[in-house]
Each structure stands twice: as structure tokens, then as C-alpha cells.
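Please view the sequence and the model together while reading.

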Amino acid sequence: MNDLLCLGIETSCDETAAAVLGRDGRLLGSVVASQIDLHEAFGGVVPEVAARRHLERIGPVVREALAQGGVRSEDIGLIAVTRGPGLAGALMVGLSWAKAFAFARGLPIVGVNHVVAHAHAAYLDTAPSYPDLALVASGGHTDLFLLEGPTKVRVLGRSRDDAAGEAFDKVARSLGLGYPGGPAIESLARDGDAGRAVLPRVGLFRDSLDFSFSGLKTAAQGLRRQGLAPRDIAAAFQAAVFDQLWERASLALRQTGCRRLIFAGGVSANGYLRERLGEALRRQGLALLVPPIGHSTDNAAMIARLGLTMYEAGERSPWDMGAEPVIHPFKP
Amino acid sequence: MSGGWLCIETTGDVLGVAILAADGGLLAEIGQQAPRLHSALLVPAIAEALRLAGLSQASIGQIAVNRGPGSYTGIRIGLAAAEAMGEALGIPVYGVPGLWASAASRSLEGLYAPALDARREDAFCALYEVRRDGLPAERIGPGMRPLREFLEACRPFGRPVEVMGDAAGRHGEIVRGYPFVRIGPSQMGAARLGLFAIRAREEALDDALSTAALYLRPPAAATRRADG
């Protein structure tokens, strides 16, 4: 039982992913098959296209993850799989695959929440410890929540409109940059001057910890029409995103008394945001905890990490577990 | 090949699971009206079918699964589950072309037209001729087309055509305009998938038994049909 390995499966959006995690938390294999090339032409993820590709890739991706870790499929003792939130048709591929594999082998299975799993990517290098404050920002989510345990989550704030990553993508598109927009904006902003452009600081929800990126996005797109240089717009936009993330996060840290902030999700791959958040936290004697390189965006290692933690806490999912495309208010 | 057949049908509203002996003898069959619940209920249905047959997972020797056409999500649920079980148990998986297998489930010689509702007035359909020997021969290949256009294409054969599947029931007003049409069964059990795979292997038609999904429609144009 001590050498039981956990196989994680993730198919919630446009990445087909599998990972193998040791009981000791060591990551043995992790494979992510991206579909970015497939969806680029459409300017976003097409659900039916994504689901079809997941079915084609899931078997090979699992075999590759096992091979990477030098693991035989007989060594798998636990299956963890994303059950939501995400695209229904995409989720069902991973869920059907995972349940059938577990059933055929007589293995336990644990269905996990994708957003909570993003926060657990930060526990790939360090053992989970609760409570922790987590800020998960990606193309689909901007959620601030208190992790009280692997299955106990208290949502403190979320975006009322666009997700942070979605705003990055849309601003990037208006600046003529490619998809996904995050890396493109970050690299362009390095030569930009944030002081040349004025962007709104959203204070609409000052009494709450919710986010709003829609107005900021529209204002940034407007600057382009005023003839400002794209690099200055990119720099100003990033700075404004940081201000909003930090304003909410620092308030939540004070409210919860947490001593560190987990920053995860695709947006947390942004080096500028990581650096600024780290600096701001250090000044208050607090710490920043981020996923290891390559595990900010969707991956299955985080699914295995959360699934294993839930399993050790006694969680088991039934065979009739279905996909949960919309988990609201979200539960683990 | 030793061991029993697990047959999986998830492409329509009815979730079907059958267990066959190695020679095709029916051991257990389940049909459950479960639109949009296939992903939740497939594994419990497999467990129940195995229990009825008095078998364990390890006694499954091969898997037959409907690879389409039908609900896109349903096709994927069945294929993903079949491939995962094949991987877990180290056994072969045979993806069966659903329309062909429907025609092959009829024994009386004649023309058979499996036609599945594809929303609006379209159908996933094909025309086959059931003969004395061998699997049915294709007369009009599988495709997604307007039901009226398909029935017009059947007319020149000058013989009765039995329309099978749910399209006839959903579009009675269209079908009634074609006097050569007889209405056949609207649902086929999962067992026919295993029986088809056994015959296809006997006739060395292994090409028919791929695990590639048969959507019959490119994804960009796809509008979702009833979900599994």
C-alpha cells in the first residue's frame, strides 16, 4: 500500500493531461497534450473540437505518462480525475476513461474540482498544509478562496465578469498579438512604460473581494484606438491587473490571518505578476507559494495531488459520479 | 479468443450493455432509458450486467462498442470507456459501425435503412442489403443528410425498404410520404454489437472494427445532438 501510485487525468478544457504521483508526493510522470494549435484558427476553444481531440489523445497521453515514470499500469493504485468545472463534452471523455479503467482494475477513484486542484499545484513541491489562502487566475476562472482542507473550501471572491486570463487574451488580440495572450503581453510589456497610459483601477466592489476585468479590458483596448504604443498599453494593463489582484489578496490575507498566498492557474505563469506579488508579500513579512515551473496552466499532476490528498482524508467517489460542468458555488 | 464479450451502446437515448459468451450466446443484457446520463450510468450498468451474467471483470475477453454515428458525446463516452477497460485488462477493443450492425441484426433478406435522428430533418443513415450469406452489403454509404433526400435515393431500388432507428418515429410525416417504406425497430440492443464483431472477424473485415469515432460530420460545423 505504501508504494501505491496515483494516476491523475485532466480533460476539462483544451489540454489532455495525465500524471503519475507517488504516495510520497513525488511526481513520476506528467504529460500535457496541448490543443492550442487546433483552436488558434477559431480564436478560442471550440468545445466539439476539444472533445474529439481528447478522445484521440487520452490513451496515448496516459501511456506516455506511465512510460515517463518507468511505471507499469499494474502499479497504479488510485485514480484521480477532474469532474468539473469545464466543458461538458471534454470532461466526459476523461471521466468515462478514468471510471472504466478504475472499475476494470477494481481501484478506488476520486473526482476532483479543477479550480481547487489548481491551488494544489502549489503543493507539488511541498506537503499540503491547511488553512491556506489561494488565488487561482486563468482563462476561465479568477477565484480567491480559503482552503480549509482538501474538501473544505470557502470562496471569498471571484470575477463578476471576465476571468483575468480571458482579459489578457482579449487585450492581446486587440494589440494584434497571438493566442494565448498572457505570454505575448508579458514579453511586450518588458519594453513598455506603464506610466504613459491611464487605466481605471476598479473599485466598484470595494466592500467585497470580487474581481472585475471587463472594464479594464475595454479601457486597454480603447488606448489602442488613441494611438498609444502597444508595449506601453501592455505594461499599463499588467500593472493594473497586479493592482487589482493585490488589493483583493492583501485584504483577504488580513481577514483570514493567513501567512502566505498561493498564486496558481495559467495567469500565475506570468513572471511580472509573480515578481510583484512576491515583493508585496515580502514587504509584509508574508510568503508567496506558486506551482513548480510548467504547472501553472492545466495539468494532471495537480489533479493527482488533490486526489491523493482527498483519498488520504477518506474520500471515495461512486461509480455513478457524473461530470459537473458548472460547480457553483464550487465544492471540492 | 477466450473469455466473454462486453458490449457497450451509448450512442442513443438508451444506454445498453450486454455480456455474451465467447461464441455469441447472450448471458445478460441491460437497456436503460437514460438520455444525458450515460457518463454517470455506464459503469454501474456494466457492473450490473456482469453481476447478472455471474462474471467478474477479469473474465471479459474482448469488448465491442458502437463507434457511431449518433450522439457525439455518447460516442465518446462509449469509446473512452471501452478503450480504458481494454487498456486496464489487456484485452482487444472492437469499435463497431453502428448503422451496419443494425442492418446485420436483421435476418430476412431485403433492403434495410438504419436512420438516426440528427436534429432538424437530418438523419445519420445508410442503406444495406441483407443477403442469405455474409454481412449486409452497403448500397448507400453512411452519411448525414436530409431524411427526404435519403428516402428519395432509396426509391430507385424499386423494393420495400425497412427504416430502422429513431428517425422514422420522429419524422412520421416525412416517412409516410414514401409508400415503399416499412417501419422497423427504433432501438437495437447492445448484443448486436458483439454479434457483428464476431461475424466481421470471421469474414476478416477487420477494417470495419476500428476504434476511430464515426461522427459522419466535421467538428467545426457540428451542432450538438442529444448528449450522453
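In chain B, B:Leu111 stands opposite B:Val161 in strand S9. The model is predicted: local features need pLDDT of at least 70, side-chain atom pairs count only at pLDDT 80 or more, and totals for chains, interfaces and linings use all residues. Residues are numbered from 1 along each chain as its sequence is written, while chains are lettered from A and ligands numbered from 1 in the order in which they are written.

**Strands of chain B**

Helices (H or I, at least four residues) and strands (E, at least two) are DSSP runs, numbered from the N terminus. Two strands pair if DSSP finds at least two bridges between them. S6(B) and S9(B) run parallel and are joined by 4 bridges. S6(B) also pairs with strand S7 (residues 122-130) of chain B, in the antiparallel sense and over 6 bridges. On that side, B:Leu111 stands opposite B:Glu129 in S7(B). The hairpin of S6(B) and S7(B) has 4 residues between the strands, and B:Arg119 in this hairpin takes a positive phi near 75°.

A residue is buried if 20 or more other C-beta atoms lie within 10 Å of its own, exposed if 12 or fewer, and partly exposed in between, with C-beta atoms placed from the backbone. Strand S6 (residues 110-117) of chain B is largely enclosed by the rest of the structure, because 7 of its 8 residues are buried.

Strand S9 (residues 161-164) of chain B contains B:Val163. B:Val163 counts as buried because it has 27 C-beta neighbours inside 10 Å. Two residues are in contact if their C-beta atoms, placed from the backbone, lie within 7 Å. Leaving aside neighbours within four places in sequence, B:Val163 is in contact with B:Ala113, B:Ala115, B:Ala168, B:Val175, B:Val181, B:Ile183 and B:Gly184. The C-alpha atoms of B:Val163 and B:Ile174 are separated by 12 Å, and these residues are 11 apart along the chain.

**Domains of the two chains**

Domain bounds come from an automatic or database domain assignment. The table gives the domains of each chain.

| Chain | Domain 1 (residues) | Domain 2 (residues) |
|---|---|---|
| Chain A | 5-124 + 295-312 | 132-289 |
| Chain B | 4-98 + 188-208 | 106-183 |

Taken over C-alpha atoms, the centres of domain 1 and domain 2 of chain A are separated by 26 Å. For chain B, the centres of domain 1 and domain 2, again taken over C-alpha atoms, are separated by 24 Å.

In chain A, 15 residues of domain 1 are in contact with 19 residues of domain 2. Helix H1 (36-40), helix H4 (114-120) and helix H10 (301-312) of chain A are the elements that give two or more residues to the side of domain 1 that touches domain 2. H4(A) gives the most to this side, with 4 residues. For residue classes, Ala, Val, Leu, Ile, Met, Phe, Trp, Tyr, Cys and Pro count as nonpolar, Asp, Glu, Lys and Arg as charged, and the others, Gly among them, as polar. By class, the side of domain 1 of chain A that touches domain 2 of chain A has 9 nonpolar, 5 polar and 1 charged residues.

In chain B, 7 residues of domain 1 are in contact with 6 residues of domain 2. The side of domain 1 of chain B that touches domain 2 of chain B has 3 nonpolar, 2 polar and 2 charged residues.

**Contact between the chains**

Between the chains, 28 residues of chain B are in contact with 27 residues of chain A. Helix H1 (38-53) and helix H2 (72-89) of chain B each supply at least two residues of the side of chain B that touches chain A. H2(B) gives the most to that side, with 13 residues. The residues of the side of chain B that touches chain A divide into 20 nonpolar, 4 polar and 4 charged.

**A residue in helix H3 of chain A**

A:Ala90 has its place in helix H3 (residues 88-105) of chain A. A:Ala90 counts as buried because it has 32 C-beta neighbours inside 10 Å. Not counting residues up to four places away in sequence, A:Ala90 touches A:Thr11, A:Ser12, A:Cys13, A:Pro47, A:Ala50, A:Ala51 and A:His54.
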